Amino acid sequence: MIAVIDTQAGNLFNINKIVNGEITRDPYVIERADKIVFPGVGSFSFVMDSIEGIKETIIEKIKSGIPYLGICLGLEVLYDSSEEGPGSGLSILSGSIKKLTKNRVPHIGWDTVELIKDSRLFSGIKNGSYFYFLHSYYAERNDYTVAITDYGNIISSAMQKDNIYAVQFHPEKSGINGIQVLKNFRDLI
Amino acid sequence: MLAKRIVGALDIKDGRVVKGIKFRDIRTIDDPVKLSKKYEEQGMDELVFLDIYATNENRGITYDLISRVAENINIPFTVGGGIDSLDKIKKIIRLGADKVFINTYAIINPDIIKKASYEIGSSNLVIAIDAKFNGSYYEVYSNSGEISRNINAVEWAKTVEELGAGEILLTSIDADGTRKGYDYNLIKKVSENVNIPVIASGGAGSPEDFYNAIQSGADACLAGSVFHYGMYTANEIKKYLMERGVNVRI
């Protein structure tokens, strides 16, 4: 069962339509999950507040090695903190999420994604494909970056570290390519 | 590279898509979900739903419509019209809309911009500005273009950015529905003065109008009539733009 974390604000239904999981904020359901999707809409602090009661369960599950997919804020919360506001993230990855400083911010719209490392998340997807972005904060390029997007700042548009997958764009809003990314995650064994 | 966006406008009244001219003379067009799917297939980058009578009739947008659209399309969409509380904003996002836009309520109570951007995130909050040239400056109007506010649209745009708005949906009341071209001067003035994306709205009639709006500084171009009446598809507009060096998603 795939647990789609209910962050009280977000595009849960579109995601769940494809991954066919269970939208939940019940720690017992999350404990039973064999995959987790963390969709994110909202601000860093707001989302961290909203998952207060299940934060430890999510961290434990990620550390147990089950596949995790963070979407947008679900990528950002993997870090210790964010320039967006106070509060601690899940601290699965060390460092801080930065604010975009070039061009118009937020970064809104369809932008190209350059695949720089192989990841099963992008199987069947052409390099340079368009995905939909909607964010003001980003993870800098790092060892786990598998795809980048150049928006003046180089955005880690997708990352993978072992069982942890994360995308800055919204696959649930990115047409056929986005559906493929979600299916790729769903079908991971 | 970030693509310029073509945005389809769906004005909603009683659950149906309608279209007026200069905010008046309203005609029924089609079922919103059916039309949304068609537009997605034709290359639309984004959709905006406006419940055009919500503010003036003091009622909320049809929530049922939001979930139906969310279930049926895989491109982003924005919802607005008659939104007057943080609860409504949160509910709309929760039902599957990507962005919410507010207009009248933000003018009456600018503090909502701060509060909403904290909860739903700045990127998901759009402020709609309806403007009309009054002989000396572009003046902000509220309540579907009925009430003039003695506020300069350019100054208001700067204010909403400071308060946390993530995007501006900028409509020229005079140009709306005329298909005679956007108000390029308005687009230029506003986009030069803010650092958040600006969606140009009102007056699109030909592919050239979209091109000119982008040249004037628009990050996205919204249109209703040209799509509703089948004059052009989003892909046809984008092909025209691409041939002229504009970066679009095709």
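**Ground rules.** I am working with a predicted model, where local features need pLDDT of at least 70, side-chain atom pairs count only at pLDDT 80 or more, and totals for chains, interfaces and linings use all residues. Residues are numbered from 1 along each chain as its sequence is written, chains are lettered from A and ligands numbered from 1 in the order in which they are written, and side-chain values use heavy atoms, with hydrogens and water left out.

**Nine-strand sheet.** I looked up the strand order first. In chain A, an open sheet of nine strands runs 2-1-3-4-12-11-10-7-8, with mixed pairing. Strand 2 (22–24) and strand 8 (129–135) of chain A are at the edges with a single partner strand each, so one side of each has no neighbour in the sheet. Direction ignored, neighbouring strands here are turned by 25 degrees against each other on average. For my own reference, strands (E, at least two residues) and helices (H or I, at least four) are DSSP runs numbered from the N terminus, and two strands pair if DSSP finds at least two bridges between them.

I then picked out one pair: strand 3 (residues 35–38) and strand 4 of chain A are parallel over three bridges. A:Ile36 has A:Tyr68 in strand 4 of chain A as its bridge partner.

What lies across strands 1, 2, 3 and 4 of chain A? I found helix 1 (residues 12–19) of chain A there, running at about 170 degrees to strand 1 (2–5) of chain A. Contact means heavy atoms within 4.5 Å; axes are lines fitted to C-alpha atoms, for helices over the stretch in contact, with angles from 0 to 180 degrees between N-to-C directions.

**Three-strand sheet.** Chain A also has an open sheet of three strands in the order 5-6-9, with mixed pairing. Its edge strands are strand 5 (81–82) and strand 9 (137–138) of chain A, each pairing on one side only. Strand 5 and strand 6 (residues 96–99) of chain A pair in the parallel sense over two bridges, and A:Ser82 is bridged to A:Ile97 in strand 6.

I noted a cis peptide bond between A:Val105 and A:Pro106, with omega about 5 degrees. A:Pro106 sits in the loop between strand 6 and strand 7 (107–115) of chain A.

A:Ser91 is not a glycine, yet its phi is positive at about 55 degrees. It is in the loop between strand 5 and strand 6 of chain A. Buried or exposed? A:Ser91 is partly exposed, at 38% relative accessibility (buried is under 20% relative accessible area, exposed over 50%, partly exposed in between, with a 1.4 Å probe and protein chains only).

**Cysteines.** A:Cys72 also has a positive phi, near 55 degrees. It lies in the loop between strand 4 (68–71) and helix 5 (73–76) of chain A. A:Cys72 is buried, at 5% relative accessibility, and B:Cys221 is buried at 0%. How many disulfides are there over all chains? I get zero, taking a disulfide as a pair of cysteine sulfur atoms within 2.5 Å.

**Helix pair in chain B.** The axes of helix 6 (residues 153–163) and helix 7 (residues 184–193) of chain B come within 9 Å and cross at roughly 35 degrees. From helix 6, B:Val154, B:Ala157, B:Lys158 and B:Glu161 meet B:Lys189, B:Val190 and B:Asn193 of helix 7.
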